[in-house]
Amino acid sequence: MSPTLALSPVHPLVDAVDLDAPVQAHGLVRRYGDGDAAVEALRGVDLAVPHGQFCAVMGPSGSGKSTLLHHLAGLDTPTAGTVLLDGHDLSSMKDDALTKLRRDRVGFVFQAFNLLSTLSAQENITLPLALAGKKADPAKVEDVLARVGLLERRHHRPYALSGGQQQRVAVARAILAEPAVLFADEPTGNLDSAAGAAVLALLRDAVDALGQTIVMVTHDASAAAVADRVVILADGAIVADLDAPDEPAVVAALREASR
Ligand code: ADP
């Protein structure tokens, strides 16, 4: 049994925090600006995403989704509260150590594929490891390429790949280093529904077959329904925390959050 920490009972799923969880936010507050112009993008968010969970984050525009993701990934500094990423309290870390933690333990997939156009699919996938001074294990590269269905296209440059294939390269790049957490920000936002579904299936497979932990921000209720859990933000606070909801349940909870 993991030790648990009692927090204010916002919801059954968040009132006991798993201290081993690779992603944890405790009392997270982010204020932008001062005085009358101040905006509280996060108003005391408590969240723990356990190992091997696929957690989607949804909410109306301006509800704080991107701000939350950036804080959980150590890309922004909170006004108050703490973030623990892979067991590290980010507030106590110097910039260099934080950069190294992000590089070694965090994978990112964004709406834009962010591939280097002069490199092949395979070179893009192994680039982060190369930059970290590590050699990619050829068997693992092979396995990841097969997992994302790009074995045949491994030597293609991004311009010779479809959008869906390019995003699959980005997913392969993110999972190759076996990160503690994969953060995905609108990963299907630039894709048609078939290509989007293929990318979501890959993320699902990374959770089911590899035990990958994923936090994904999405606007799309059908994408969120692929996750194990859907957290809904409104006005900088968690207003719903749903266990494996289907798409209609996600839509209903979103409608409620938007009132
Ligand atoms: P979402 O991703 O759900 O659309 P955001 O996290 O982008 O929401 O924004 C939450 C709130 O914080 C919004 O009111 C937004 O205008 C504000 N905000 C976000 N980033 C900044 C910033 N850099 N400066 C000032 N306000 C910001």
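Mentor: Let's start with a term: pLDDT is the predictor's confidence in each residue, from 0 to 100. This is a predicted model, where local features need pLDDT of at least 70, side-chain atom pairs count only at pLDDT 80 or more, and totals for chains, interfaces and linings use all residues. Residues are numbered from 1 along each chain as its sequence is written, and side-chain values use heavy atoms, with hydrogens and water left out.

Trainee: What pLDDT does the protein chain average?

Mentor: The average is 91, and 93% of the residues score at least 70. Over residues 1-15, though, the pLDDT is below 50.

Trainee: Which residues surround the ligand?

Mentor: Among them are Tyr 32, Val 39, Gly 62, Lys 65 and Thr 67; such a residue has a heavy atom within 4 Å of the ligand. Helix H1 (65-72) gives the largest share of that shell, three residues. Helices here are DSSP runs of H or I, at least four residues, numbered from the N terminus.

Trainee: Which side-chain atoms lie by an oxygen atom of the ligand?

Mentor: A polar side-chain atom of Lys 65 is 2.8 Å from a ligand oxygen, and one of Thr 67 is 2.5 Å from a ligand oxygen. The protein buries 58% of the 560 Å² that the ligand exposes when taken alone, using the Shrake-Rupley method with a 1.4 Å probe.

Trainee: New topic: how many residues has helix H6?

Mentor: H6 (residues 193-210) has 18 residues and reaches 25 Å from its first C-alpha to its last. Just after H6, Gly 211 takes a positive phi of about 70 degrees.

Terms used. Contact = heavy atoms within 4.5 Å. Helix = DSSP H or I, 4+ residues; strand = E, 2+ residues; numbered from the N terminus. Expected span 1.5 Å × (residues − 1). Polar contact = N/O pair within 3.5 Å; in protein donor to acceptor, adjacent residues only side chain to side chain.
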